[in-house]
Amino acid sequence: MAKLVLGDREFDSQEAFIRGGRRCGTPQLNDFQKERVRAHLRTARASGMEAAAVTQVEIPVHFHVLHDAGTGDLSDQELDAQLNVLNDSFKPHDIVFHRASVDRTDHSVWFRMTMGSAAERKAKTELGTEQHRALNFYTAGIGAGLLGWATFPSDLPGDPVSDGVVILYTSLPGGSSAPYNLGLTAVHEVGHWLGLYHTFEGGCFPPGDEVADTPFEASPNFGPPDPARDTCPNDDGVDPTTNYMDYTDDAGMTEFSPGQVSRMKEQIAIYRPDLLGTGLAQAAEAAGSARAAIDLETGDF
Ligand SMILES: [Zn+2]
């Protein structure tokens with residue numbers, strides 16, 4: 001099997017890379033945090049919130065390009081190519097991204113930030129902005145062979161500074177991290193940023209990824225999509241290997257399920273209501289009454 005080289009790391013094979021958990025660094029929420037999200041969703045639905053009412057989501061993107069003396073210094077054109085990939089994936093679901101600002105910082109330590117590091121904290125404290133109203137999109141030469149990581153919407157109330165996605169700069173369209181260089185890492189991480197779990201979260205057992213129309217999956221897929229892959233044969237379908245929230249090669253990632261779209265829209269209404277466009281009085285009002293019933297900081301309601 002061919003070796004896979006990503007940044008400063010070499011893996012014996014693509015399988016070794018995926019099995020090592022390297023594609024995505026986003027940590028799973030713990031059981032308490034997951035239950036809190038479930039409770040918020042139940043409360044919001046009881047208040048009349050409907051995902052179907054969320055028909056227009058507009059997300060300004062603040063790009064923070066970290067580089068090391070020019071290495072990683074992405075151009076506006078390269079950032080726009082990434083925005084186009086985000087819009088190709090999300091716009092069919094009425095979620096639209098536009099470039100709000102770009103800053104570029106030459107900082108060799110921030111450029112090599114690892115997840116949860118002091119460097120990440122400092123960079124985000126210095127550069128992050130408008131976390132409740134926008135996506136903070138950091139590009140860097142992140143270490144450890146990771147392609148990216150994200151925060152969840154439910155993290156926002158307690159830790160706005162950390163909010164956003166951090167993406168390996170060579171994973172943007174045209175970058176050097178083949179087969180992960182078509183910009184789908186950002187689509188996947190923004191999926192987390194809007195509240196989605198991996199399709200293989202929880203393996204073959206309920207509640208899995210907490211989305212009803214994505215079949216259970218015991219482990220991440222890697223390589224191209226595999227329409228015959230069925231790691232949980234007792235459930236109601238083959239593995240969702242074309243889904244953006246699996247680990248399939250960029251070229252084979254093609255869809256969110258309707259249930260995932262609803263989950264993202266519900267979490268936008270609850271945790272990121274400032275992203276709702278104009279003309280959404282009904283959804284905003286329902287979400288507002290849900291928010292009024294929830295103490296987002298503590299989870300009490
Ligand atoms: Zn992920």
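## Basis of the description

Helices (H or I, at least four residues) and strands (E, at least two) are DSSP runs, numbered from the N terminus. Residues are numbered from 1 along each chain as its sequence is written. The model is predicted: local features need pLDDT of at least 70, side-chain atom pairs count only at pLDDT 80 or more, and totals for chains, interfaces and linings use all residues.

## Overall fold

The protein chain has 8 helices and 7 strands. Its radius of gyration, taken over C-alpha atoms, is 19 Å, close to the 19 Å that the globule rule (2.2 Å times the number of residues to the power 0.38) gives for 301 residues, so the chain is as compact as a globular protein of that length. Along the principal axes, the C-alpha atoms fill a box of roughly 50 × 50 × 35 Å.

Burial is counted from C-beta atoms placed from the backbone: a residue is buried if 20 or more other C-beta atoms lie within 10 Å of its own, exposed if 12 or fewer, and partly exposed in between. By this count, 43% of the 301 residues of the protein chain are buried. Two residues are in contact if their C-beta atoms, placed from the backbone, lie within 7 Å. Among contacts in the protein chain with a separation of 6 or more, 67% come from residues 24 or more positions apart.

## Nonpolar cores

A nonpolar core is a set of buried Ala, Val, Leu, Ile, Met, Phe, Trp, Tyr and Cys residues joined through C-beta atoms within 7 Å. The largest one has 58 residues, and Ile59, Tyr138, Ala140, Val165, Val190 and Ile268 have the most contacts inside it. Apart from this core lies another, of 6 residues, including Leu4, Ile18, Phe222 and Tyr247.

With residues up to four places away in sequence left out, Ile59 touches Ile95, Val96, Phe97, Ala134, Leu135 and Leu275.

Helix 6 covers residues 184-193; 10 of its 10 residues are buried, so the helix is largely enclosed by the rest of the structure. Among these buried residues are His188, Glu189 and His192, along with Val190 and Trp193. Their cover includes helix 3 (76-90), strand 5 (135-140), strand 6 (148-150) and strand 7 (165-168).

Just after helix 6, Gly195 has a positive phi of about 110 degrees. Gly195 is also a contact of Met264, as are Leu194 and Leu196, when neighbours of Met264 within four places in sequence are set aside. Met264 belongs to helix 7 (residues 258-271) and counts as buried because it has 26 C-beta neighbours inside 10 Å.

Helix 2 (residues 31-46) has 16 residues and reaches 22 Å from its first C-alpha to its last, close to the 22 Å expected at 1.5 Å a residue; the expected span is 1.5 Å times one less than the number of residues. Val37, His40 and Ala44 are the buried residues listed for helix 2. Seen down the axis of helix 2, the buried residues fall within an arc of 60 degrees (the arc of the directions from the helix axis to the C-beta atoms), so they line one face of the helix. An α-helix has 3.6 residues a turn, so residues three or four places apart point the same way. Exposed residues on the other side of helix 2 are Asp31, Phe32, Glu35, Arg38, Arg42 and Ala46.

Helix 3 has 15 residues and spans 21 Å from first C-alpha to last, close to the 21 Å expected at 1.5 Å a residue. Gln82, Leu86, Ser89 and Phe90 are buried in helix 3. These residues fall within an arc of 85 degrees seen down the axis, so they line one face of helix 3. They pack against strand 4 (95-106) and helix 6. The face turned away from the buried side of helix 3 carries the exposed residues Asp76 and Gln77.

## Backbone exceptions in loops

Cis peptide bonds join Ala178 to Pro179, with omega about 5 degrees, and Pro206 to Pro207, with omega about 5 degrees. Pro179 is in the loop between strand 7 and helix 6, and Pro207 is in the loop between helix 6 and helix 7.

Ala69 is not a glycine, yet its phi is positive, near 50 degrees. Ala69 lies in the loop between strand 3 (57-67) and helix 3, and is exposed, with 10 other C-beta atoms within 10 Å. Glu130 also has a positive phi, of about 50 degrees, without being a glycine. Glu130 is in the loop between helix 5 (118-127) and strand 5, and with 15 other C-beta atoms within 10 Å it is partly exposed.
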